Amino acid sequence: MPTIFILFGYRFMFYANDHTPIHVHVVKAGNKAKYNIFPIELVENNGFKTQELKLIESIIEENVETIARHWNLFFNNNK
């Protein structure tokens, strides 16, 4: 489970066997969410409150290039 970064206790990561489209998983305190990043949209939420989801989405917006770069580096180098 490669971690891209941790910010405010939220772990932004993907799974080694993940699939397209490019997306990011976010975990914190047993809560989980999944966002597609092009366009940024919530796919799944398990436990996060609306206010947390807004913060998570803003973090993704600010780091979308970083997330995509990590995804592409990992999956293009592990084919």
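## Strand pairing in the sheet

In E4, Asn 36 is the bridge partner of His 23. The structure is a predicted model, and this pair belongs to the contact between E3 and E4, which run antiparallel and are joined by six bridges. Strands of a sheet pair through backbone hydrogen bonds, in either a parallel or an antiparallel sense.

The whole sheet is open and has five strands in the order E1-E2-E3-E4-E5, with antiparallel pairing. E1 and E5 are its edge strands, each pairing on one side only. On average, neighbouring strands of this sheet are turned by 20° against each other, direction ignored.

E1 and E2 are antiparallel and pair over four bridges. One of the residues involved is Thr 3, whose bridge partner in E2 is Met 13.

## Loops with positive phi

Phe 8 sits in the loop between E1 and E2. Although Phe 8 is not a glycine, its phi is positive, at about 55°. Is this residue buried or exposed? Phe 8 has a relative accessible area of 56% and is therefore exposed, since the cut-off for exposed is over 50%.

Ala 29 is found in the loop between E3 and E4. Ala 29 is not a glycine either, and has a positive phi of about 50°. Its relative accessibility is 74%, so Ala 29 counts as exposed.

## Cis peptide bonds

The bond from Thr 20 to Pro 21 is cis, with omega near 5°. Pro 21 belongs to the loop between E2 and E3.

The bond from Phe 38 to Pro 39 is also cis, and its omega is near 0°. Pro 39 lies in the loop between E4 and E5.

## Helix H1: length and sides

Helix H1 covers residues 50-62, which makes 13 residues. At 1.5 Å a residue H1 should span 18 Å, and the end C-alpha atoms are 19 Å apart, so the two values agree.

Which residues of H1 are buried? They are Leu 53, Ile 56, Ile 59 and Ile 60. These residues cover an arc of only 120° around the axis, which means that they are on the same side of H1. An α-helix has 3.6 residues a turn, so residues three or four places apart point the same way. On the other side of H1, the exposed residues are Thr 50, Gln 51, Lys 54 and Glu 62.

## What covers H1, and where H2 lies

The cover over the buried residues of H1 includes strands from the sheet: E1 (3-7), E2 (10-13), E3 (23-28), E4 (31-37) and E5 (40-46). Helix H2 (64-77) is also part of this cover.

H2 itself lies across E1, E3 and E4. Relative to E1, H2 runs at about 150°.

Notes: Residues numbered from 1 in each chain as written. Predicted model: local features only at pLDDT ≥ 70, side-chain atom pairs only at ≥ 80, totals over all residues. Heavy atoms only, no water. Helix = DSSP H or I, 4+ residues; strand = E, 2+ residues; numbered from the N terminus. Expected span 1.5 Å × (residues − 1). Buried < 20%, exposed > 50% of the residue type's maximum accessible area, 1.4 Å probe, protein only. Arc of directions from axis to C-beta. Contact = heavy atoms within 4.5 Å. Pairing = 2+ DSSP bridges. Axes fitted to C-alpha atoms, helices over the stretch in contact; angles between N-to-C directions.
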